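Subject: Structure handover

Hello,

Please find the structure for your notes here. Have it open while you read the rest of this email.

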Amino acid sequence: MEFLSDIASLINSTLRISTPLVFAAMAGIFAERSGVIDFSLEGKMLMAAFVAAVGSYYLGNPWLGLLLAIIVCVCLSMLHGFASVTHKGDQVVSCVAINILIIGLTTALAAAWFGQAGLTPTLNEDQRFLEIHLPFADVLRDIPVIGTLYSDILSGHYVFVYLAYLSVPLVFWIVFKTSFGLRLRAVGENPSAVDTAGINVFTMRYKALAINGVLIAFAGAHLSTAVNANFFREMSAGRGYLALAAMIFGKWHPKTALIACLLFGFTDALQIRLQGVELPAIGEIPVQLIQALPYILTVVLLAGFVGKAIAPNAIGQPYIKER
Amino acid sequence: MVSPILELTDINKSFGHVQANKNINLKINKGTIHGIIGENGAGKSTLMSIVFGLYQANSGSIKINGKEINLRSPRDSIINGIGMVHQHFMLVENFTVLENIILGFEGETVFGEKLQKAKEDLEQLCQTYNFNIDLDATISDLSVGFRQRVEILKSLYRGAEILILDEPTGVLTPQEVDELFKILRSLKSEGKTIVLITHKLIEIMDLTSEVSVMRQGEMVGHTKTEDTSKEQLAEMMVGRSVLLRVDKKEIKKGETIFKVNNLSVKDDLDVTRVKDVNLEICSGEILGIAGVTGNGQTELLEALSGIRKVESGSIELFGEKISDQNNFLNPRMLKEKGLAHVPEDRQRMGLISDFKAHENLIFGYHDQEPYSKSAILNNKEITEYSNKVMQEYDVRPKSPNLITSNFSGGNQQKIILSRELNENPKVLLVGQPTRGVDIGAIEFIHQRLIDMRDKGAAILLASVELDEILSLSDRIIVMFDGKIVGEKENKNVTDRELGLLMAGVA
């Protein structure tokens, strides 16, 4: 029975840890399917975490914090669009600028407002999201298998966890079953075809970036107002890049990107579980090595398996209409 | 009197300092096929892009059926019944035919009923015009001819009454051109108006009832097609009389000097593009390679000129093996052995566009006397030489210090040609010598190639322009899917025969 509950808790933490990755990967799909590279997922996630924590602290409601985070992230996406869509700047440079700006900005603002560089005050229970216990979770717990599945795996997550996994079919539906999705995919493949069909290429890319901003805000809020009760320096810890890797590994497709996110989440959950555990024949694995696991996996996967991933054809290229 | 379906008045358009269209006036009558002819860069495509709403004119007015309209985007044009088939197709390659056609005109937010309706309507249209297109096929699986049909179908579905076609035949085999013309004639008989942009005189004579000629951004004449001739149109296009036929002496064939045995070559993606090719060229002979773009001509020329690795087989020059899979001579060594190469991609491989003309004129010889001495360039010699060859090759403007990208395509080609022909090569490899080159320069370039042949050089000419192959070559081979699928002496060969071979059906 202990083995089963071990597995259950491993799956449970995989779902939780993958959550910001899933939001970020879905955000990335919108930007990149429209032909705009988004390395700034990392920066935006960090900014969202900061804004959500600060907003929730002052306004006393985590939902208002989330709303503020969404507004700020959409603005950052628009900034990226202004530089790289309207002014046809280099998309990677624009992203890097945003990322660097935000690392500095969050640290400095926290210092100015709260006197501690890169740290916001701890949120109380009213100011943060709490775990949701699904109805009858306690009653059903003792039923074998179904009980474990329902009570230990499905129940007891933050709202973001549920939203993240609901967002995947939603994104799939938007991208592949709606006219907006058709235009979105077309604009990332051949913007001239979209332009000559009478659709404004720039507007399409801005719309995609706006959705991107909304989704990435959820990832940040999850970090600072759900799993943690404050913002701390560089708390996104490379998750934005990891999500980008998952998205590429998933070939810009929501379903496969989800699988990649879960894979990364699982290795992270596993490394936490494995810390300090004696393995038969091997002994205790050094913490540093275990902690490096998800990143090693990223490198291996990206280098080895995605060789044939075909990016949207027009990605990274500003659309120039007149010669 | 009925007002014309499309009327342009005093259209002006500039890109930066370049005025692409100057005071253009044009009337197109309903139910006609109207040709617009002009050299590359004459402003035909720009003008039609304005009519399609893709560019906005700086001034001037556009009337449809006598009513003035304001075209701010292609959407406005499409709504007003204008459709355009661009030279480079505006299709999303990994979408299906259906998806490409409904793009922008889905009619519903979430796909459902309307999609089904669109499919039925399209099937109806396909039947009416005998299009034979599978709506669920992915574009990347379709041949160029079919993709073009998808473009036409797209315009018709969106309700086009005026259909503009920009250089529609450049990428087609003669048979596909026949098919296209059949479609265009049937569209005309349905009452549609067709505007055909082209630089090919024969298409104008074949298909149109009226023709307008453009030169250097201006409209220089309108006439009924039956009242004019190819010669007259060519003169209007160029502004002086041109010789449309190449004068060629009887062949004086020498011994075989260039030989290719069982050659196979792979491209950058590791796909075999040249398959077991054998060929020989004698001195004093022009061997033409005909074929639709992308059937291995590019890779063949690259391998022969030492730029691309040979996968298997060998290449011999004067009976000496110069390349096989283990050894190959680089372009410089080949040059020393008397092989010259005019690459098909002028901008990328033939020139450094940001360099000055005189630098490109001596590039490759820049470290030899008299152009340089002890690794220092001798500018006086270079300028003197440049002035001399620019005169000789009629490069305009004759300014050795002008940046190369500011020359027209034809003049850039003359710069390359002068450099490659300068040392009197024994073997000359030429790819697409007149692509994007104006008629006047074509005449000159063709004459130079014939002169080289008469001087005893062995010339390999790859071109997608069948007319060019037919008028210059002594012998013609046809490439399809990397293989040589036919070889003919150039006596009484017709473009139809070659077309069948090019399509891989004969």
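This is a predicted model: local features need pLDDT of at least 70, side-chain atom pairs count only at pLDDT 80 or more; totals for chains, interfaces and linings use all residues.

Residues are numbered from 1 along each chain as its sequence is written, and chains are lettered from A and ligands numbered from 1 in the order in which they are written.

The two chains

In the contact between the chains, 18 residues of chain A meet 22 residues of chain B. Two residues are in contact if their C-beta atoms, placed from the backbone, lie within 7 Å. On the side of chain A that touches chain B, helix 8 (179-189) and helix 9 (191-196) of chain A are the elements that give two or more residues. Helices (H or I, at least four residues) and strands (E, at least two) are DSSP runs, numbered from the N terminus. That side of chain A has six nonpolar, six polar and six charged residues. Here Ala, Val, Leu, Ile, Met, Phe, Trp, Tyr, Cys and Pro count as nonpolar, Asp, Glu, Lys and Arg as charged, and the others, Gly among them, as polar.

A helix pair in chain A

Helix 7 (residues 159-177) and helix 12 (residues 254-274) of chain A pack at about 155°, with their axes 9 Å apart. The axes are lines fitted to C-alpha atoms, for helices over the stretch in contact, and angles run from 0 to 180 degrees between N-to-C directions. Helix 7 of chain A is therefore roughly antiparallel to helix 12 of chain A (under 35 degrees is roughly parallel, over 145 roughly antiparallel, 65 to 115 roughly perpendicular and the rest oblique). Helix 7 of chain A contributes A:Val168, A:Val171, A:Phe172 and A:Val175 to the contact, and helix 12 of chain A contributes A:Pro254, A:Lys255 and A:Leu258. By class, these residues are six nonpolar, no polar and one charged.

Domains of chain B

Chain B is assigned domain 1 (6-238) and domain 2 (256-349 + 424-502); such bounds come from an automatic or database domain assignment. The centres of the two domains of chain B, taken over C-alpha atoms, are 34 Å apart. Nine residues of domain 1 of chain B are in contact with twelve of domain 2 of chain B. Helix 8 of chain B gives the largest share of the domain 1 side, three residues.

Buried parts of chain B

B:Met502 lies in helix 17 (residues 495-502) of chain B. Is B:Met502 buried or exposed? B:Met502 counts as buried because it has 26 C-beta neighbours inside 10 Å. A residue is buried if 20 or more other C-beta atoms lie within 10 Å of its own, exposed if 12 or fewer, and partly exposed in between, with C-beta atoms placed from the backbone. In helix 9 (residues 297-304) of chain B, eight of the eight residues are buried, so this helix is largely enclosed by the rest of the structure.

Backbone details

Most residues other than glycine have a negative phi, and most peptide bonds are trans. A:Glu234 has a positive phi near 50° and sits in the loop between helix 10 (201-227) and helix 11 (239-249) of chain A. The peptide bond from B:Glu369 to B:Pro370 is cis, with omega near 5°, and another cis bond joins B:Arg396 and B:Pro397, with omega about -5°.

Regards
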